[in-house]
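This report is for a reader meeting the structure for the first time.

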Amino acid sequence: MNKHIKKVAVIGSGIMGSGIACHFANIGVEVLLLDIVPRELNDKEKAKGLTLKDKVVRNRLVNDSLTASLKSKPSPIYHQKFASRIVTGNLEDDISKIAKVDWIIEVVVERLDIKKIVFENIEKHRTPGTLITSNTSGIPISFMSEGRSDDFQKHFCGTHFFNPARYLKLFEIIPGPKTSPEVLDFLNGYGEQFLGKTSVVAKDTPAFIGNRVGIFSIQSLFHTVKNLNMTIEEVDKLTGPVIGRPKSATFRTVDVVGLDTLVHVATGIYENCPDDEKHDLFKLPDFINTMMENKWLGSKTGQGFYKKTKNKEGKTEILTLDLDTMGYRSKKSAKFATLELTKTIDKVIDRFKVLVGGKDKAGEFYRKSFAALFAYVSHRIPEISDELYKIDDAMKAGFGWEHGPFQIWDAIGIEKGLEIMKAEGQEAAPWVSEMLASGMKSFYSVKEGASYFYDIPKNLPAGQAGSAEKIPGQDAFIILDNIRKSNEVFKNSGVVVEDLGDGILNVEFQSKMNTIGGDVLAGLNKAIDLAEKDFQGLVIGNQAANFSVGANIGMIFMMAVEQEYDELNMAIKMFQDTMMRMRYSSIPTISAPHGMALGGGCELSLHADKVVAAAETYMGLVEFGVGVIPGGGGSKEMAMRASDTFKKGDVELNTLQEYFLTIGMAKVSTSAYEAFDMGLLQKGKDLVIVNKDRQIATAKAHAKLMAEAGYTQPVKRKDVKVLGKQALGMFLVGTDAMEASRYISEHDHKIANKLAYVMAGGDLSEPTLVSEQYLLDLEREAFLSLCTERKTLERIQHMLKTGKPLRN
């Protein structure tokens, strides 16, 4: 199907509908967002003398919903100006406009009768050939398309986005009885390439894949918490980041999503899956029924498993629900010996063997939980999916799990998993034992850089072994986990340098949180050496949760405390020199930031020849938070970028002030698109991609393109215009006023003045053209002087202990 999506219509503007509309606007698609007409005036409309015929009244519901969505946090949209791509209307006056769209997405209330009325109305205006899909989370697709025309049914299926649509990557595609295979293929590809999703074609079964397994997992925990007499804090401690799941873990996640939403899906599975071997587990525990009766639904009602209150001192306190008394109490700490054993294990996938071997209550919890999960997912094949990797994909993309159930089972060992299951009274589906008997000992394998999965035999006699098949759709990706060992060119404790092929190397950070210390800088220099000698280009990218949270401040702290200022000066100079080497090497350098790219991670990107940023990149020069200024070339770079803007006729002092405030206020972009506004990314040079899985391959392609176009080593710049005393005076007056008004602390004042001196180019008597090195020397001197301050050391120490900035 050769189809181009230029305009979509979203029918229904609630939280989900507005979120979907915003995400299509994010990728540049025009959106027509429609909702029903109000049946009565509100008080404000009555006071203004409006009637039900006025357009502002008729579009009130859709406009209010979209406005609320755009104001929500986290934001559903990459940049507020993208909201202009959304046009609103109502289902009476504007329904005829759907004739001109390429795709219609229904996102109305989850009632079959209402959806069928909507589809009947849509068919009157829809142009044949237009895609028509439903965002239902569980209503059978076959029921919704009954009575519709052949063309409607051919182009109709379910497209289930997860909320929030911008952030959760799962995009379930559910065919109806007559859905064209070409439509499924198109949506599968479009979801991945354009929407940045993990597309999963699911079967038309209750709750599809993600919610079927996800709700089972939560319901299982609801029962386990009571059986093991565990607290809510204990379960959330065990089901969060330690096993590669969101910080909100289990109960906080339910509070955020809404208990009523979970109960709705769980009840649907209970009522519609009578043959599920775990049918009774979907029955709601007594404590959930009590919470529903009390309307303790979570964040939306002010209390759920957690409750935010004010204590006697007026300070905010988070209380926790006691599942025995059903009353709220102060939070209790949760500690387990088993978790202590995992503190030195950085990779989550390597922790599972240790966790299930624990001798305490945590170990028992993990054995029970994983045994139940492994058994359940094994029995869902072929009911909800024929391929096991789709279940893993759904849980990772829809629920934020770092690893899916079959990947975790592989990490523990399939035979060990079966042993745990037997001890816990669980039983896997027969195909698992048949797979082991055939000689295959894992669900996944890697061959020549590609991932393979065990394909369970279909339509074959019982006992017939399956085979390892390549996971489709990965040819557009480079999966670093799959090539790290086979394509390694260099390795130290800080980086791995891999050969991506076609003459391009990649530097992958291996430090904790991808912080940049001496080993990382040495690795970067070595990678540039290798690339200049035997290759054509260099990518700096990784596939961890975050690109880099910045320089190794622990190292800076130790040197400063020990007053090893010569060593600290050398370390900062090495950072600066490495950044300049990236910019002035004989091969193109491409940075591929994603997630957090803060401090030194941001500075690295500022010095690359090109940045290929994931849309979800949170970039900023945040060094003020630890009491210093950017010292790896960031302060210099922002002064230089301001200078380049001077040439375009902008008011020089105002422009410089904007760049100064980006550092001084430690601004962090909420998307890669916002980073352009902040001057951290540059229009016409840097680019943004929506699907992070494509990032390394895209960066490689641009490095190759630049090399083949005849990349020439740039000439070092000596034409940076600095404004000297003119700018410095302006900055100093401003910082004095801010301290006097108590907007900033005394130490903030000192840091700001040091930054002002660097960005003004010192106290030169008139505007002057200087070199980058001149600014780097000023930057390093200012950084080192701040490291001698007690307040700076307090801030660094506080950051190391808490992970949060201190304003002292």
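Leaving aside neighbours within four places in sequence, which residues is Phe 509 in contact with? The model is predicted, and in it Phe 509 is in contact with Gly 494, Val 495, Asn 514, Ile 516, Val 520, Leu 524, Ile 540, Phe 547, Ser 548 and Leu 604. Phe 509 belongs to strand β17, which covers residues 504-509. Gly 494, one of the contacts, is 15 residues from Phe 509 along the chain, and the two C-alpha atoms are separated by 5.9 Å.

Asp 777 sits in helix α32, residues 772-787. From Asp 777 to Ile 5 there are 772 residues in sequence and 51 Å in space, taken C-alpha to C-alpha.

The table sets out the accessibility of these two residues.

| Residue | Relative accessibility | Class |
|---|---|---|
| Phe 509 | 3% | buried |
| Asp 777 | 32% | partly exposed |

Phe 509 counts as buried because its relative accessibility of 3% falls under the 20% limit.

The nonpolar cores come next. In soluble globular proteins, nonpolar side chains tend to be buried together. The largest nonpolar core here has 116 residues, and Phe 24 and Trp 103 touch the most other members. Not counting residues up to four places away in sequence, Phe 24 touches Val 8, Val 29, Val 31, Trp 103, Ile 105, Phe 161, Tyr 190 and Leu 195. Another core, of 110 residues, lies apart from the largest one; among its members are Phe 162, Phe 370, Phe 374 and Phe 443.

Methods. Residues numbered from 1 in each chain as written. Predicted model: local features only at pLDDT ≥ 70, side-chain atom pairs only at ≥ 80, totals over all residues. Heavy atoms only, no water. Core = buried A, V, L, I, M, F, W, Y, C linked by side-chain atoms within 4.5 Å. Buried < 20%, exposed > 50% of the residue type's maximum accessible area, 1.4 Å probe, protein only. Contact = heavy atoms within 4.5 Å. Helix = DSSP H or I, 4+ residues; strand = E, 2+ residues; numbered from the N terminus.
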